[in-house]
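Please find below a note on the model under review. It is arranged as numbered points for reference in discussion.

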Amino acid sequence: MLLHGTDALKQAAAAGHALPGFVVYNLETVQGITAAAEEAGRPVLIQAGSSPFKHAGREALMRLALDAAEDSAARLGVHLDHSRDLDEITACLEAGYTSVMVDGSHLPFAENVALTKEAVRRARDHGAWVEAELGALPGDEDVSTDAVAKTATMTDPHQAAEFVAATGVDALAVAVGNVHGFTKDPVRLDLDRLAAIHAAVPVPLVLHGASGLPVEELHGALARGVAKVNVNAELRRAYLEAVHAILPAALPGSDVVSVWAAGRDAVRDAALEVIGRLIHRAEGGAV
């Protein structure tokens, strides 16, 4: 069923958990994430977004994600990830998306505010909620690039407070040492900065680039206001490793079905592991 509204996001924030946002590219990744949500019995966001549209086509991927969410017993939101295009945002809202991310992080502050305010206005007309981004997150959304975070491009807590107040966004994606993709060395978040942002803004925070993030860093972020976590590279790697493993057996008979199934099941298993990590356990093991 489609997950409307911000209740799941706010409940995650109150409980010290996080709503997982899983990026999808094709039918098998949509199926794998849907299966994981059903098995875990927890709300999940299917992120059929701007970058994957280049591969699958916007209409096709939108319909795959929305149909899967509507037909599933799981609570599944359909989220537009990293969009810089108001026309694209409008098209997704009109199709039935439950939330959108407007990404003006590449713009000067005033222009980011203006773009985000307009996205919020359009989303409100469709009953959808809006995530925006402040601060620059290094790395590529679709390819692991071993990116390195820079303090100069991280989110400023005072500016974050001004941004949220000016735009009316429902969630704020922040740059606090996180990067897109895997890295050679473990990522270390600036948890003090994250705590300051959490204290300064009244909305849940979003952490992009959580693939490969050490669990202690992840749980530190959950304890400091992060209520949505995006995962992409971890699912891509699981998919590709499964396909690589099964290809020798599949090639002689041109058995594409077994290849697709292996990729789908690997995405499901990886998503289930992530969902488990996002349930923040306080000292003593209590959820």
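The points that follow go from the whole chain to single elements and residues.

1. Basis of the note. The model is predicted: local features need pLDDT of at least 70, side-chain atom pairs count only at pLDDT 80 or more, and totals for chains, interfaces and linings use all residues. Residues are numbered from 1 along each chain as its sequence is written, and side-chain values use heavy atoms, with hydrogens and water left out.

2. Overall content. The protein chain contains 11 helices and eight strands; helices (H or I, at least four residues) and strands (E, at least two) are DSSP runs, numbered from the N terminus. Of the 287 residues in the protein chain, 55% are buried. Here buried means under 20% relative accessible area, exposed over 50%, and partly exposed in between (1.4 Å probe, protein chains only).

3. Surface and contacts. The protein chain has an accessible surface of about 12100 Å², and carbon and sulfur atoms account for 53% of that surface. Areas come from the Shrake-Rupley method with a 1.4 Å probe; for residues, only the protein chains shown count as cover. Among contacts in the protein chain with a separation of 6 or more, 72% are between residues 24 or more positions apart, where contact means heavy atoms within 4.5 Å.

4. Strand β1. In β1 (residues 19-23), five of its five residues are buried. Both faces are covered, with Leu19, Gly21 and Val23 on one side and Pro20 and Phe22 on the other. The strand runs parallel to β8 (residues 226-231), to which four bridges join it, and parallel to β2 (residues 44-47), to which three bridges join it; two strands pair if DSSP finds at least two bridges between them. Gly21 takes part on both sides: its bridge partner is Asn230 in β8 and Leu45 in β2.

5. The β-α-β unit. Together with helix α2 (residues 27-40), strands β1 and β2 form a right-handed β-α-β unit. A crossover is right-handed if, with the strands pointing away from the viewer, the path from the first strand over the helix to the second runs clockwise.

6. Ala56. This residue belongs to helix α3 (residues 50-56). Ala56 is partly exposed, with a relative accessible area of 29%. Neighbours within four places in sequence aside, its contacts are Tyr25 and Leu61. The C-alpha atom of Ala56 lies 6.5 Å from that of Asn26, although the two are 30 residues apart along the chain.

7. Helix α5. The buried residues of α5 (residues 86-95) are Glu88, Ile89, Thr90, Ala91, Cys92 and Leu93. They pack against α3, α4 (58-71), β3 (76-83), β4 (99-102) and α6. After α5 comes Gly96, with a positive phi near 120°.

8. Helix α6. Thr116 is located in α6 (residues 109-124) and is buried, with a relative accessible area of 0%. A polar atom of the Thr116 side chain lies 2.8 Å from the backbone oxygen of Asn112. Beyond its neighbours within four places in sequence, Thr116 is in contact with Val102, Ala132, Phe163, Thr167 and Val169. Ala114, also in α6, is partly exposed at 47% relative accessible area. Ala114 and Thr167 are 53 residues apart in sequence, and their C-alpha atoms are 7.8 Å apart.

9. Helix α7. Pro157, Ala160, Phe163, Val164 and Thr167 are buried in α7 (residues 157-167). Seen down the helix axis, the buried residues of α7 fall within an arc of 115°, so they line one face of the helix; the arc is that of the directions from the helix axis to the C-beta atoms. The face turned away from the buried side carries the exposed residues His158 and Ala165. The cover of the buried residues of α7 includes α6, β5 (129-134), β6 (171-174) and α8 (191-200).

10. Ends of helix α7. Asp156 caps the N-terminal end of α7 through a side-chain oxygen 3.1 Å from the backbone nitrogen of His158. Gly168, which follows α7, has a positive phi near 75°.

Terms used. A polar contact is a pair of N or O atoms within 3.5 Å; within protein, one must be able to donate a hydrogen and the other to accept it, and residues adjacent in sequence count only if both atoms are side-chain atoms.
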